[in-house]
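Thank you for making time this morning.

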Amino acid sequence: MGRPDLTVLPLREAVTNLSHWIAPHIPAKLLHRHEKISDADLLAVAILQKLHKVPYFSRWWRFLKINHFPQFPSEPQARIRLARLTPVVEQLATEVQCLDFVAVDSEPLPVCTFKRAPRCKFRGARYGFSTSGPVYGFKLHAWSALHGRIVRYVIRPANEHDFSVLWEMNREWPSYGAPKQIGDKGYQSGSCLTPPKTNARQVDPRWKPEYGAARKCIESAFSVLVGAGLRWGQVKTLLSLRLKVALNVLAHNLKFSDLKG
């Protein structure tokens with residue numbers, strides 16, 4: 001049984017529904033009487049922002065505080081607590097599962113426009129290239145199940161080659177049932193199933209035309225993430241970038257989850 005559509009539920013009911021699912025995953029910690037919202041409720045609110053495709057957290061928090069939850073703490077306090085909960089969101093976003101096939105690809109995560117890159121002081125950001133052109137920042141490297149769920153991802157500087165990052169990610173490959181990996185031409189010269197280049201002298205006998213259509217699942221998943229705000233807003237630290245990506249991936253993957261599980 002799939003999850004209910006959280007975007008059509010009343011906000012209070014949607015927060016409660018999500019909070020009950022999140023709460024068992026929150027690490028035990030000391031409770032403070034001054035906390036006006038639980039960690040589970042706070043994460044539920046942040047996920048709902050992505051599901052409702054509200055561009056900025058500040059606008060979302062202000063809307064909720066004025067119209068639905070006047071008892072909420074200030075926005076700066078909420079941001080500080082969300083940053084602390086980043087590892088929890090990352091753990092919830094994906095889960096290890098045995099698969100027969102995965103599609104692999106990368107998506108650029110620019111931290112500023114390319115023209116502003118010489119003045120950007122974002123620690124760890126690098127110059128790189130993608131199918132859409134040059135980028136300054138990072139890349140999201142991911143595995144997708146064939147139905148579109150993101151099952152594994154990492155964030156790396158934009159100058160790291162896709163195949164090098166895939167080799168690093170494959171250290172966990174046996175945990176996922178050693179699935180066959182379908183990639184684009186940038187993943188050739190490895191274990192990936194990739195389409196032949198136009199000037200190839202030899203064609204990989206493992207490649208089948210249907211693999212090309214199957215690989216589109218990860219392109220569709222990236223399109224959903226970008227449309228839901230993967231590149232919206234400005235982030236100033238790698239931790240805030242990790243949080244934004246994890247919330248977007250988690251919101252995307254909820255459509256494949258059973259919140260009653």
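I will take the chain as a whole and then turn to its cavity.

What you see is a predicted model, in which local features need pLDDT of at least 70 and side-chain atom pairs count only at pLDDT 80 or more, whereas totals for chains, interfaces and linings use all residues. Residues are numbered from 1 along each chain as its sequence is written, and side-chain values use heavy atoms, with hydrogens and water left out.

The protein chain has 9 helices and 5 strands, where helices (H or I, at least four residues) and strands (E, at least two) are DSSP runs numbered from the N terminus. Buried residues, meaning those under 20% relative accessible area with a 1.4 Å probe and protein chains only, make up 46% of the 261 residues.

UniProt, in an unreviewed entry, places the feature "domain: Transposase DDE" at residues 99-190, and such annotations may be inferred rather than shown by experiment. That span is 9% helix and 41% strand, and its end C-alpha atoms lie 19 Å apart.

Now to the cavity, which on a 1 Å grid over the protein atoms alone is a set of points where a 1.4 Å probe fits but cannot get out, with lining residues having an atom within 4 Å of a point. The structure holds 1 cavity of 30 Å³ or more, and its lining includes Val104, Asp105, His141, Trp143 and Tyr187. The elements giving two or more residues to this lining are β1 (101-110), β3 (133-144) and α6 (162-169), and α6 gives the most, with 4 residues.

Key. On a 1 Å grid over the protein atoms alone, a cavity is a set of points where a 1.4 Å probe fits but cannot get out, and a pocket is an open set with protein on both sides within 12 Å along at least five of seven lines; lining residues have an atom within 4 Å of a point. Grid points are joined across faces, edges and corners, and a volume is the space filled by probe spheres set on the points. Buried means under 20% relative accessible area, exposed over 50%, partly exposed in between (1.4 Å probe, protein chains only).
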